[in-house]
Amino acid sequence: MVPNEANYHESKVPQYTLPDPLITTSGNPVSDPSAWTQERRAGILQLFKTHVYGEMPGPLSDTHCSILEEGEALAGRAHRRQIRIHFNTNGPYMDLLLYLPTDATAAVPTFLGLNFFGNHAIQPDPEIHLSTQWMRAEPKNGIVDHRATNASRGVLASRWPVEKILARGYGLATAYYGDLDPDYDDGYQNGIHPLFYREGQHRPDPDQWGAIGAWAWGLSRAMDYLDTDPKTGPVAVLGLSRLGKTALWAGACDERFAAVISNESGCGGAALSRRCYGETLAHINESFPHWFCDNFRRFSAAEDQLPLDQHMLLALCAPRPLYIASAVEDRWCDPHGEFLAALAATPVYHLLGTDGLPTEQMPEVDRPVMGQIGYHIRSGDHDLTEYDWEQYLTFADIHLPRP
Ligand code: GTR
């Protein structure tokens with residue numbers, strides 16, 4: 001099926017009714033926090049597993065870590081550590097790059113996010129190991145024949161203002177998403193999926209994880225490591241675009257993440273699917289058949305049949321701090337649909353005793369709002385910018401506890 005052209009007119013958004021996160025599938029109201037925590041939350045999580053991102057396995061029992069390198073960085077202002085997380089004895093691994101401020105006297109809250117082109121792409125720091133595993137199938141950013149070269153060192157530095165993050169007293173941890181699963185439709189042969197196939201299985205079942213599930217699984221393995229490190233405090237998980245979808249899914253599945261930040265995650269992320277504005281399920285399933293579980297394809301051009309919508313994914317983060325960021329020119333991601341999803345998740349935040357999104361009106365461009373849910377729509381296009389980071393740092397100052 002060839003998807004229709006994207007709709008960019010509010011007047012052409014179809015009439016829709018969102019499923020109510022506070023009414024169970026059997027029609028009962030969820031009226032107290034324990035009914036949410038003990039029942040409804042698990043029910044919604046299961047809906048997302050079955051229909052959207054797929055079931056995700058737990059950690060492997062023989063996962064172990066080795067320190068690849070450790071030293072001073074950024075003229076002595078940072079302590080850098082590179083950790084190789086081996087998922088099993090001889091199989092694939094993920095390299096975690098961690099920067100901590102050297103002047104910290106106690107554990108520091110830390111941002112964790114996957115990156116697009118390898119750890120070495122986030123900083124021109126020559127000590128960072130060149131990612132050697134599969135690269136995005138794009139002949140740019142110093143990638144030749146799907147392999148990183150030295151020409152890709154620091155190419156994504158604008159998205160990772162390490163000095164600013166450290167100067168504000170935070171740590172930063174990142175890993176390359178291709179270490180977990182290469183971002184193309186390879187029938188799930190080259191990433192971590194085969195580690196979990198039962199005998200005779202060659203691809204995930206229709207309700208089992210796709211690439212987003214695998215990337216989110218990797219974020220939880222990074223969290224396993226950070227949990228063991230006395231120098232890192234609460235962890236905020238964040239990501240841009242497909243990695244923003246991933247951050248939301250990781251935050252929903254793994255409540256150890258103390259805060260969740262979605263930077264322009266759009267369709268299949270923070271944006272409401274039923275609005276069919278910008279990218280639709282038909283577009284995304286056609287272009288990226290490997291991102292979601294196979295069951296999700298049943299909802300291409302049938303959004304109203306979904307037993308959920310993306311506001312319920314945001315509600316799975318409640319009552320933890322959640323930040324949703326859009327950009328005004330990034331209409332493909334449906335900024336208004338991202339805002340409306342945050343608003344529609346707010347009743348769950350209220351039930352759990354927090355304010356959620358502190359406004360019902362879509363804020364002006366470059367005017368962030370910060371309650372337990374934060375939101376901004378900044379000027380410019382699809383990207384993770386210093387402006388975005390400044391809001392996340394302020395949001396973290398408000399919400400992430402320090403000892
Ligand atoms: C686009 C895709 C979006 C978004 C983006 C990205 O092509 O349609 O859903 O995820 O890629 O990840 O950069």
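Tyr 277 is buried, at 10% relative accessibility. Keep in mind that this is a predicted model. Together, Tyr 8 and Tyr 277 make an edge-to-face aromatic pair. This pair links distant parts of the chain, 269 residues apart. Tyr 8 sits in the segment before helix H1 (33–53), while Tyr 277 belongs to the loop between strand E9 (259–263) and helix H5 (281–287).

Now for another tyrosine pair, Tyr 323 with Tyr 392. Their planes stand at 75 degrees, so this pair is edge-to-face. Tyr 323 lies in strand E10 (residues 322–327) and Tyr 392 in helix H8 (residues 386–399), so the pair ties together parts that are 69 residues apart in sequence. Both of these tyrosines, Tyr 323 and Tyr 392, are buried.

Here are the two pairs side by side:

| Ring pair | Centre to centre | Angle between planes |
|---|---|---|
| Tyr 8 and Tyr 277 | 5.8 Å | 75 degrees |
| Tyr 323 and Tyr 392 | 5.1 Å | 75 degrees |

How many aromatic pairs does the structure hold? The count is 21. Some rings join up into a cluster, linked by ring pairs: Phe 48, Tyr 53, Trp 249, Phe 288, Trp 291, Phe 292 and Phe 296.

Phe 48 and Trp 249 turn up again in the largest nonpolar core, where they are among the residues with the most contacts, along with Leu 96 and Phe 111. That core has 115 residues. Helix H3 (residues 211–228) gives the largest share of it, 11 residues.

What about disulfides? The structure holds zero of them. Cys 253 is partly exposed, with a relative accessible area of 28%, whereas Cys 317 is buried at 0%.

Last stop: helix H7 (residues 335–351). Its 17 residues reach 26 Å from first C-alpha to last, close to the 24 Å expected. H7 bends by about 30 degrees at Ala 345, with a proline, Pro 347, following within four residues. The helix is mostly covered, as 13 of its 17 residues are buried. After H7 comes Gly 353, whose phi is positive, near 85 degrees.

Conventions:
Residues are numbered from 1 along each chain as its sequence is written. This is a predicted model: local features need pLDDT of at least 70, side-chain atom pairs count only at pLDDT 80 or more; totals for chains, interfaces and linings use all residues. Side-chain values use heavy atoms; hydrogens and water are left out. A disulfide is a pair of cysteine sulfur atoms within 2.5 Å. Buried means under 20% relative accessible area, exposed over 50%, partly exposed in between (1.4 Å probe, protein chains only). Helices (H or I, at least four residues) and strands (E, at least two) are DSSP runs, numbered from the N terminus. The expected span of a helix is 1.5 Å times one less than its number of residues. The bend at a residue is the angle between axes fitted to the seven residues ending there and the seven starting there. A nonpolar core is a set of buried Ala, Val, Leu, Ile, Met, Phe, Trp, Tyr and Cys residues joined through side-chain atoms within 4.5 Å. Rings of Phe, Tyr and Trp (its six-membered ring) pair if their centres lie within 6.5 Å; planes under 30 degrees apart count as stacked, over 60 as edge-to-face and the rest as tilted.
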